[in-house]
Amino acid sequence: MPDSTTLFSKYYVCFKAISDGWKEGCMPVIGLDGCFLKGIVRGEVLAAVGRDANNQIYPIAWAVVGVENKATWKWFIDLLMDDIDGGLGAGITLLSDGHKGLLEAVKERCPEVEHRQCARHIVANFAKRFTGQHFRKLFWRAVRASTEQKFKHVMEKIKSLDTQAYEYLIDRDPTTWSKALFKEGRDCDAVENEVSESFNSAIRHARRKPIITMLEEIRIFVMERIYSQRVEGIEWDLNICPSIRKRIQDLKGVTPCGYQKYEVRFNHATYGVDLIAKTCACRIWQLTGIPCLHGVAAISSLNQDAETYVSQSYSKEAFLKC
């Protein structure tokens, strides 16, 4: 019989309506993270947070555990995958920090998932061993490179400066932190786990309360958030930002090269755009689901509305479904 200090070892929460909403209207990208309790009781809150059609947080599941390790993460991910019908993870992207126990748990439970590591956590550890702004800047260039050619070019620069820095980053598996190696079709090119951090921040006061009170406050927060989003709805407007508009103006030309296919020249480089397949050689369109500047230039050359080429993942219908 457990004593008064060990009434339970862990507690998991996921409402069916929320998991169904994620399957209906959210992007297939889930942020995983843990944060400490702040009250008398010691432990951690593990959470899975999705992204809705407006790219805002959509809490899916959360749990209270005594410690964050491989066993508790595997337990949490196992329950999460069952609730969202995730199977072995095919078609799903998980985004997290580099916690060793979490990485191992994901590999064992979801061998088919795409697992991304938060680039900010990687660069923080990277900067401790290799000081200097030049390393930091090159790292972020490697992270944001959208093609393998650009990625390899930056990595060669890092290698020429310090082979150990290059090997350190290669050992961190670039497929988990560089856009150039991300899988397409997720409608999300995020390299930082900001959705999880936003959720942790939103429940920071609740984490100071006793466990039952905390869980109730988290439930109320999630329900009120989803209800307010449902009432307010969303009006999508592409509204190209001034910096993108300026870059579009700098494009040298749009040349047709087939039915709905174009070559777009920019900064001494040429990018192939296919409006039917909704793809561009820069891969940004495939990663985000939103036309890149080359795609917008091709669409504009036809006097068409770029919004009609945005993925349905960002539509009002998808937003309201979740």
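Mentor: We take a few labels and test each against its cut-off. Keep in mind that this is a predicted model.

Trainee: Why is Pro174 called buried?

Mentor: Its relative accessible area is 9%. Buried means under 20%. Therefore Pro174 counts as buried.

Trainee: Where does Pro174 lie?

Mentor: In the loop between helix 7 (163-171) and helix 8 (194-202).

Trainee: Which residues are in contact with Pro174, leaving aside its neighbours within four places in sequence?

Mentor: Phe151, Leu169 and Leu181. Contact here means heavy atoms within 4.5 Å. As for Gln117, it is 57 residues from Pro174 in sequence, and the C-alpha atoms are 9.2 Å apart.

Trainee: What makes Thr147 buried?

Mentor: The relative accessible area of Thr147 is 9%. The cut-off is under 20%, so the label holds. Thr147 sits in the loop between helix 5 (133-144) and helix 6 (148-161). Leaving aside neighbours within four places in sequence, Thr147 is in contact with Ala180, Ala281 and Cys282.

Trainee: What does UniProt list for residues 262-303?

Mentor: An unreviewed entry gives "domain: SWIM-type" there. In the model, residues 262-303 are 33% helix and 31% strand. The end C-alpha atoms of that stretch are 14 Å apart.

Notes
Residues numbered from 1 in each chain as written. Predicted model: local features only at pLDDT ≥ 70, side-chain atom pairs only at ≥ 80, totals over all residues. Heavy atoms only, no water. UniProt positions renumbered as here; feature names shortened; annotations may be inferred. Helix = DSSP H or I, 4+ residues; strand = E, 2+ residues; numbered from the N terminus. Buried < 20%, exposed > 50% of the residue type's maximum accessible area, 1.4 Å probe, protein only.
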